[in-house]
Amino acid sequence: MVKICCLGAGYVGGPTMAIIALKCPAIEVVVVDISAARIAAWNSDQLPIYEPGLDEVVKSCRGKNLFFSSDVEKHVLEADIIFVSVNTPTKTRGLGAGKAADLTYWESAARMIADVSKSDKIVVEKSTVPVKTAEAIEKILTHNTKGINFQILSNPEFLAEGTAIQDLLNPDRVLIGGRQSPEGQKAVEALKAVYANWVPEDRIIATNLWSAELSKLAANAVLAQRISSVNAMSALCEATGADVTEVAYAVGKDSRIGPKFLNASVGFGGSCFQKDILNLIYICECNGLMEVANYWKGVIKINDYQKSRFVNRVVASMFNTVSGKKIAVLGFAFKKDTGDTRETPAIDVCKGLLGDKANISIYDPQVTEDQIQRDLSMNKFDWDHPPHLQPMSPSAIKQVSVVWDAYEATKDAHGVCILTEWDEFKTLDYQKIYDNMQKPAFIFDGRNIVDMEKLRKIGFIVYSIGKPLDPWVKDLPASA
Ligand code: NAI
């Protein structure tokens with residue numbers, strides 16, 4: 001029986017290994033993590049992450065050929081293939097701080113593999129890493145050589161949170177990069193054989209190591225760039241009376257462009273886009289490619305601009321101050337169908353409103369109060385470091401309350417900000433919400449999910465990104 005061990009039981013390691021276990025009954029899969037709490041959660045009824053369909057898959061395999069363990073060394077020792085899916089956050093200090101990938105967790109994982117191993121292993125880079133990382137990992141692994149042959153493969157993960165199970169079951173492609181040597185190609189074939197259990201052969205792409213590593217950064221940069229492009233266009237739509245939904249639809253109908261990922265919003269978030277583009281920018285700078293670095297910097301700048309533009313709209317519309325006013329925030333996760341809040345635009349929007357002394361009442365169906373308070377108290381980039389390395393849980397921010405119901409959040413509020421596109425926000429009883437709010441009642445839709453006309457008929461003043469402006473909103477100073 002082939003044995004797989006995965007280091008890192010996070011958003012990638014957990015779901016990816018669950019699907020491998022589901023589709024490959026002849027393979028034993030053990031997911032290990034240095035966080036005992038995370039492993040305990042994977043072994044409980046309350047999994048540590050929310051992902052549609054994940055519970056069922058884990059329950060059907062756990063204890064059969066899927067295991068979660070804190071005994072990292074034992075399972076590394078026994079494994080034939082080791083996936084490394086540890087976090088690779090942005091460095092917060094030292095050389096490249098704020099841009100370069102922090103490979104501390106990766107390096108310690110590689111050193112541990114080198115120390116513990118007694119037989120040949122295939123080591124798979126599942127984490128997103130800077131191009132050329134495999135070269136450094138090879139040096140670490142072969143440093144302690146005891147005659148053991150390590151083959152490094154790059155197998156970046158393209159799943160998106162919220163649709164992880166579907167993405168894993170039916171991937172657009174699986175990318176496997178390996179050394180061009182016979183041993184390297186043998187390792188590529190071994191990993192191909194795992195995926196071939198459910199992925200059609202023509203979707204499994206073999207490349208050289210560096211192409212595979214760089215393709216992941218490139219894919220995320222291009223996806224984020226599409227969002228920033230349409231968000232940049234949304235500002236121009238508001239200024240001219242064009243409607244961004246109509247523009248995006250017309251643009252996306254061009255088969256060279258396509259309709260996906262062209263929704264205007266308050267900005268992109270998540271643990272990957274910003275981190276991976278910053279990483280790409282750093283790699284460009286290190287290679288002396290300043291123009292290329294600046295090109296990608298623009299994608300991040302537009303994203304920051306979109307968030308502050310949204311906050312300015314809210315404050316300016318509400319008579320240039322939200323001080324002491326209750327603002328309801330509906331949605332805090334970076335997108336629907338996940339509880340993940342890493343780099344969610346809600347953090348910057350809430351911080352902006354708090355800066356103007358608003359009282360915020362937040363409701364998100366999947367995010368806990370503890371998580372929201374921690375996010376709002378943390379410095380930028382601290383969010384992607386494992387819990388045991390995070391600063392002590394800070395005292396709660398007094399202007400923020402977290403409630404478990406959209407009606408409670410909006411009761412007596414002066415304004416409502418929709419920051420995540422949860423389906424349930426589309427079908428709320430907005431008449432009831434309006435009746436219980438202060439007047440004039442404002443709605444700022446950061447995800448373009450509400451029916452503007454319907455809400456205007458109820459009596460709301462409505463702002464939606466990139467849409468023709470409500471006369472009330474239109475007569476505001478240009479700074480908004
Ligand atoms: P995560 O933070 O949810 O999980 C990483 C886990 O690794 C943590 O539980 C941490 O305790 C553990 N860990 C750290 N050092 C370890 C070690 N030496 N041994 C064992 N466990 C260790 O991170 P996530 O979101 O799963 O991301 C992992 C990698 O996958 C990152 O490089 C990310 O860029 C990439 N990725 C993430 C995607 C996402 O949507 N979250 C999608 C595609 C790639």
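1. Start with Cys272, in the loop between helix H10 (244–252) and helix H11 (273–286); helices are DSSP runs of H or I with at least four residues, strands runs of E with at least two, numbered from the N terminus. UniProt lists Cys272 under "active site" in an unreviewed entry, and such annotations may be inferred rather than shown by experiment. Cys272 is partly exposed, with a relative accessible area of 28% (buried means under 20%, exposed over 50%, partly exposed in between, with a 1.4 Å probe and protein chains only).

2. A word on the source: this is a predicted model, where local features need pLDDT of at least 70 and side-chain atom pairs count only at pLDDT 80 or more, while totals for chains, interfaces and linings use all residues. Residues are numbered from 1 along each chain, and side-chain values use heavy atoms, leaving out hydrogens and water.

3. Now the aromatic rings: there are 12 aromatic pairs (Phe, Tyr or the six-membered ring of Trp, centres within 6.5 Å; planes under 30 degrees apart are stacked, over 60 edge-to-face, the rest tilted). Trp42 and Phe68 are stacked, at 5.0 Å centre to centre and 5 degrees between the planes. Trp42 belongs to helix H2 (residues 36–42) and Phe68 to strand S3 (residues 66–69), so this pair ties together parts 26 residues apart in sequence. Trp42 is buried at 0% relative accessible area, and Phe68 is buried at 6%.

4. Have a look at the charges too: the charged end of Lys132 sits over the ring of Trp210, 4.2 Å from its centre (NZ of Lys or CZ of Arg within 6 Å of the ring centre and within 35 degrees of the ring normal).
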